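Subject: Structure handover

Hello,

Here is the structure I promised to pass on. Please open it beside this email as you read.

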Amino acid sequence: MRTMIRLAVAAGAAAAFAASIGAALGESTADEIAKYREALQDGNPAELWEARGEQMWKVPRGPNKVSFERCDLGLGPGVVKGAYAQLPRYFPDAKRVMDLETRLVWCMVQQQGMSEADALKNTFGNGSAKRSDLEALAAYVASQSQGIRMNVALDEPHVHDMYRLGEKMFYYRGGTHDFACATCHGDDGKRIRLQDLPNLTKVEGAQKAYTTWPAYRVSQGELRTFQWRLNDCFRQQRFPELAFGSDASIALTAYLAGRANGAAYAGPAIKR
Amino acid sequence: MADPMKIRANLVGDSTEVKVLMSHEMETGQRKDAQGKTIPAWFIQKVNVTHNDKVVLAAQWGPAVSKNPFVSFTFKGGARGDKVKITWVDNHDDSRTDEATVA
Amino acid sequence: MRTRIVGHCIGGIAAIGIAASIVYGCASAPAENDVSERAEAMMKSSFKAHGQATLARLDQDETQRVCSEYAGRALPPAVAERIEKANLETIRYPADGNLVGDWKSGEKIAQSGQGFQYSDDPKKAAGANCYACHQLSPKELSYGTIGPSLYRFGKTRGYTDETRRYAWQKIYNAEAFAACSNMPRFGYHHILTEQQIRDVVALLVDPASPVNQ
């Protein structure tokens, strides 16, 4: 019998990865990172979240014992295929532009009868002791847009307004370090330490970044949503904490998702 | 209880290629939490794979394997419709078995 | 609110320099202004104070406000000049006149990114994370590229009083020389203490510093 095994060994892979960065700075850094990602792409643990989310989608939940199959993400109750590629969108029933995560919370509260506090309990998970239903649900729903082109309705007036507000926020400098999103994401080919920074002011940059979230973060062993990404960049920006599902979070998401229009959704991806 | 594994088993030529994702913390026992307390070791120690009840892989793991491990391996033989069964056991004696059909 | 509109129009006039531009500059201002104001209000209701990162962090000073307004567009020369002049005036110098400290301590400050994030311990001294954006000592390979390389800063510019003074000023308030720079104003915002600035200046200008080897 012949058995060949390949294992994703974190400690080993990360050390080898770090060593190769040290040895080969400059242009090849990006290559090394690409290779590392490729090696893991085949077995992206994001799939574990997708599977959990898919199960959760179908079972009756909350005091009302209602499943997400009644939840309308914009394409009709329970329709997930292609839904993520058109979010954020305006929902007349909530009279609000919503991204995926806020819409999921809305369905939990309005349809399943959960309290808002319960629905928002674990927005960002941390290991098996503190798992996030929202992250799993988001991974599942997003995965159902794979290969579908981003198509956020920028001609819808509410969405358009959020897009414009999001654009302002992107350039809003403040705090102790005078940072705006544009400080770190406004030029081509820049990096912080060794981390490449996407130029989100360019359509290609926004497309490449937006279409890969949610993503499995190897360094955290967690699947993270776009809400998390924004939250953590604001932390690095030395701003106060962005509230989950707040209007500002949705405006920025609308801006970046809208900029990504036309590109095929390619997540949930795997990242550093 | 632990989450199900995600298993894919495909016939490639005269071999079966198996890809498995397992949901597990894989704590090394060397990390500390925010309060500086050591987080106890918790990791998969044994992995056993059978093909139609015959063992094709038996592995001993240590704490160096990544969180939510991914394993891929190939064994000779196999046919569409065959069963591949995978079991892991961790150092808490917790275990999980899942099965997939070769496609 | 008023002042912002005025500021906007002054920029327009100065840049184009003819009376007719007042009409153009001011006419386009209200719509844009409205978006800026609503964005600001939206942010104030969307963030929560977290430890040291209070909501006051969202309040912009004049420089931040004007830079945000022109972001993504060319800054008119007169506006740039105004910002640089105002920022130059904020720079304070040590009472004893001594601008240069210990480069070894400066290297540690340049390496550390700790400080001012709500996840940071406010009791620990903050770093400046110069390496996040600049190449400095050639021994450190993990450096960013948002700012220019500072390798051989002192050696290239000469070990003169002017170089030392410029290094102090630049670290204290980068926008005194480059309006709307992406470099934080370390002295102006009290990110670094006087002694820390001295030490980082030494990292740049001390002939013995690894930066100048």
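Predicted model: local features only at pLDDT ≥ 70, side-chain atom pairs only at ≥ 80, totals over all residues.

The overall contact. Chain A brings 41 residues to it, and chain C brings 50 residues. Together the two chains bury about 4,200 Å². Carbon and sulfur atoms supply 56% of that area. In chain A, the residues that lose the most area to chain C are Tyr172(A), Arg173(A) and Arg193(A). Those three together make up 20% of what the chain A side buries.

Polar links. There are 29 residue pairs in polar contact between chain A and chain C, counting pairs with both residues at pLDDT 80 or more. The two chains also share 4 salt bridges. Asp161(A) forms a salt bridge with Arg38(C). Their closest N and O atoms are 2.8 Å apart.

Which elements of chain A give two or more residues to the side that touches chain C? They are helix 7 (157-170), helix 8 (181-185), strand 4 (190-192), helix 10 (226-236), strand 8 (241-242) and helix 11 (247-259). Helix 7 of chain A gives the most, with 6 residues. By class, this side of chain A has 18 nonpolar, 10 polar and 13 charged residues.

Strand pairing. Strand 8 of chain A pairs with strand 1 (residues 47-48) of chain C. The sense is antiparallel, over 2 bridges. Look for Glu241(A) here: Lys48(C), in strand 1 of chain C, stands opposite.

Best wishes

Key:
Residues numbered from 1 in each chain as written. Chains lettered and ligands numbered in written order. Heavy atoms only, no water. Contact = heavy atoms within 4.5 Å. Buried area = accessible area lost by both parts, 1.4 Å probe. Salt bridge = Lys/Arg side-chain N within 4 Å of Asp/Glu carboxyl O. Polar contact = N/O pair within 3.5 Å; in protein donor to acceptor, adjacent residues only side chain to side chain. Helix = DSSP H or I, 4+ residues; strand = E, 2+ residues; numbered from the N terminus. Nonpolar A, V, L, I, M, F, W, Y, C, P; charged D, E, K, R; others polar. Pairing = 2+ DSSP bridges.
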